[in-house]
Every structure is written in structure tokens, then in C-alpha cells.
Amino acid sequence: MATAPTAARVDRKLQLREMLDWMVEDGLVAPEAATKLNQDARLTRGGARHPLIVVSEARWRSLKPPHPVLSADVLTEWLAGRLKIPFHHIDPLKIDLKAVTGVMSSEYAQRRAILPVEVSGREVTIATSEPFMASWEPELSQMLRLNIKRVLANPIDIERYQGEFFNLARSMKRAEASGVSSGANLSSFEQLVELGKAGRPLDANDHHIVHLVDWLWQYAFDQRASDIHLEPRRDVGVLRFRIDGVLHEIYRVPYPVMVAMVARIKILARMDVVEKRRPQDGRIKTRMPDGEEIELRLSSL
């Protein structure tokens with residue numbers, strides 16, 4: 001049986017052939033199917049892609065009862081168990097984005113194909129999809145002065161959330177930097193416009209604000225949220241989603257950024273941006289990347 005690597009070993013990538021051999025050995029797939037997939041991958045240069053993705057796209061069913069479809073998640077969990085590495089399913093709703101994106105830069109995460117997923121006390125949990133690449137562990141531990149817990153995660157999720165988490169953090173930081181400090185008390189949109197005149201713009205059409213609102217909707221659609229709540233507090237704004245009847249806190253944003261996001265949404269919904277004393281209703285039609293149209297009903301109060 002294969003064993004988990006140690007940091008002292010030379011880094012190497014997981015190979016499709018070895019993974020298929022282990023699957024045959026564990027009775028998950030027939031030898032003939034494994035051989036054919038390996039040959040096909042060589043012809044189509046599938047070897048350059050992660051083996052977990054290549055195998056998951058075959059849509060095989062496990063030969064072992066209860067015969068689940070061998071999806072990337074199922075395969076990653078199986079591989080983690082075989083190599084005795086903790087498996088981690090990345091749930092964006094349970095991640096403190098500000099904390100994890102503060103651990104390392106986006107460039108470092110992409111170069112090492114890793115993703116921080118939890119920071120707790122003196123320990124940081126880092127997700128990877130390459131079980132035999134571990135030289136970054138001592139390097140990162142020394143740099144952060146934290147203990148590293150390495151876990152195996154779906155390579156599709158790691159690549160996706162690398163982009164989402166760090167892009168969101170970058171937009172939030174730049175949006176805040178282009179305006180005023182989060183401790184400022186902005187009581188009206190007129191004051192927000194005045195700030196722009198003073199050379200410190202933070203308006204509804206700022207490209208960072210546009211990106212944040214686009215992310216908010218896309219994220220809500222992906223999580224199948226039925227409601228999006230933008231709730232201003234004294235110093236921060238709270239973003240919450242209602243999913244399966246339960247409200248989940250998604251992110252806390254600086255108050256000026258929340259004001260600009262609300263203004264952007266009200267403009268798109270053809271609502272009166274300046275009016276804050278009376279409730280308003282509006283509608284927005286938006287389109288998903290796959291072409292599906294979604295209509296949003298808005299209420300402000």
C-alpha cells in the first residue's frame with residue numbers, strides 16, 4: 001500500500017498510471033478500463049491534467065457496493081484514505097475569507113497549487129491535491145511561524161476557490177483603499193459623492209465595487225441561496241444568504257464599501273439611490289455564465 005510522503009522526499013506530481021493501478025488493486029475499476037483510459041490520456045495529452053480530474057471525467061461507477069459514481073470528490077476522499085492524508089471538502093460557507101487570504105499571496109498559492117482553508121490558533125490548514133509535493137510545508141511553517149496541517153482536497157475546488165477567494169479579498173482591499181477608512185461614518189449617499197469630489201472616490205460604478213456586486217450574485221447563485229441580505233451596522237456591513245431556510249453570514253465588509261455596493265444595486269434596479277426614509281422595491285434581470293436568466297426582486301427598508 002502507498003504511504004503519505006514526507007517533506008524530506010523529492011517533490012513529484014501524482015501520476016495517472018499509478019493512480020489507476022491503485023484503483024484496480026482496490027477493486028474500484030476493471031483492469032481493462034484502466035488500461036484504456038491511460039492509453040487514451042496519452043494520445044490526448046491528458047497526462048498534463050490532474051489524474052483525479054481525468055478519471056472523474058470518465059464517469060465510472062465503482063465496482064464496489066454501493067457503486068457510487070467516481071466523481072472528483074469521491075476519488076479524492078478515496079485517495080486521501082489510501083495515502084493516509086486527511087481529506088477535506090472545501091465548503092466556502094465555512095471559510096473565514098479574510099483570515100485565509102491573509103496567510104499567503106495569491107501568487108504563492110497558485111505557484112504551489114495549494115489553498116489555505118482554515119486558521120485556528122497556532123495552526124493553519126492548507127489544502128493540496130498533490131500528495132507527493134510537500135517541500136513547501138517547512139518553508140511556509142517557518143515563514144508564518146505556525147504549524148501546518150496538510151489536507152487533500154478536490155483539485156477542481158482548489159483551482160476555483162484560489163481565484164474566487166483571492167480576487168474577492170483583492171477587490172475588497174482596493175475598494176476600501178480607494179475610499180475612506182472603515183471607521184468613517186457615512187450617513188448618506190450625498191456624502192459619498194462629496195468624497196469623490198475630494199479626490200477619494202468610492203462610488204457605485206467603481207470597478208472594484210462592480211466586481212464585488214457581480215461576485216455577490218454569482219456566489220449566491222452557486223450556493224442556491226433564496227435570499228441575499230445586505231445589512232449595514234455601525235462600522236461594518238454584513239452579507240448574509242438564506243440557504244434552505246437558514247441565514248448564513250457570508251462576509252463582513254467595511255461600511256463605506258457596503259454603502260457603495262447598495263448604491264450600485266439600487267442603480268441597477270432603477271431605485272432612488274438618495275431615498276432612504278421610505279421602503280422601495282425594484283427588479284434586476286441577470287444572466288448566468290451558462291446563459292440562464294435569473295430575475296432578482298429587491299426591497300430596501
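How many bridges join strand 1 to strand 2? There are 6 bridges between strand 1 (residues 114–120) and strand 2, and the two strands run antiparallel. This is a predicted model, in which local features need pLDDT of at least 70, side-chain atom pairs count only at pLDDT 80 or more, and totals for chains, interfaces and linings use all residues. Residues are numbered from 1 along each chain as its sequence is written, and side-chain values use heavy atoms, with hydrogens and water left out.

**Strands**

- Helices (H or I, at least four residues) and strands (E, at least two) are DSSP runs, numbered from the N terminus. Two strands pair if DSSP finds at least two bridges between them.
- Strand 1 and strand 2 form a hairpin with 2 residues between them. In the turn, Gly 121 has a positive phi of about 60°.
- Strand 2 (residues 123–128) is mostly covered, with 5 of its 6 residues buried. Buried means under 20% relative accessible area, exposed over 50%, and partly exposed in between (1.4 Å probe, protein chains only).
- A right-handed β-α-β unit is made by strand 2, helix 7 (residues 136–144) and strand 3. Right-handed means that, with the strands pointing away from the viewer, the path from the first strand over the helix to the second runs clockwise.

**Backbone features in loops**

- The peptide bond from Pro 65 to Pro 66 is cis, with omega near 5°. Pro 66 is placed in the loop between helix 3 (51–56) and helix 4 (72–83).
- Ala 113 has a positive phi, near 55°, in a residue other than glycine. Ala 113 lies in the loop between helix 6 (106–112) and strand 1, and it counts as partly exposed because its relative accessibility is 32%.
- Arg 145 is not a glycine, yet its phi is positive at about 60°. The loop between helix 7 and strand 3 holds Arg 145, which counts as exposed because its relative accessibility is 65%.

**Aromatic rings**

- The structure holds 4 aromatic pairs. Rings of Phe, Tyr and Trp (its six-membered ring) pair if their centres lie within 6.5 Å; planes under 30 degrees apart count as stacked, over 60 as edge-to-face and the rest as tilted.
- One of these pairs is Trp 22 with Phe 132, which is tilted, at 6.4 Å centre to centre and 55° between the planes. The pair links distant parts of the chain, 110 residues apart: Trp 22 is in helix 1 (residues 16–25), and Phe 132 is in the loop between strand 2 and helix 7. Both Trp 22 and Phe 132 are buried.
- Tyr 161 and Phe 165 form a stacked pair, at 5.2 Å centre to centre and 20° between the planes. Both lie in helix 8 (residues 155–177), 4 residues apart, about one turn of the helix. Tyr 161 counts as buried because its relative accessible area is 6%, and Phe 165 because its relative accessibility is 3%.
- Trp 215, Tyr 219 and Phe 241 are linked into a cluster by ring pairs.

**Charge over a ring**

- Arg 12 lies over the face of Phe 132, at 4.2 Å from the ring centre. A charge sits over a ring if NZ of Lys or CZ of Arg is within 6 Å of the ring centre and within 35 degrees of the ring normal.
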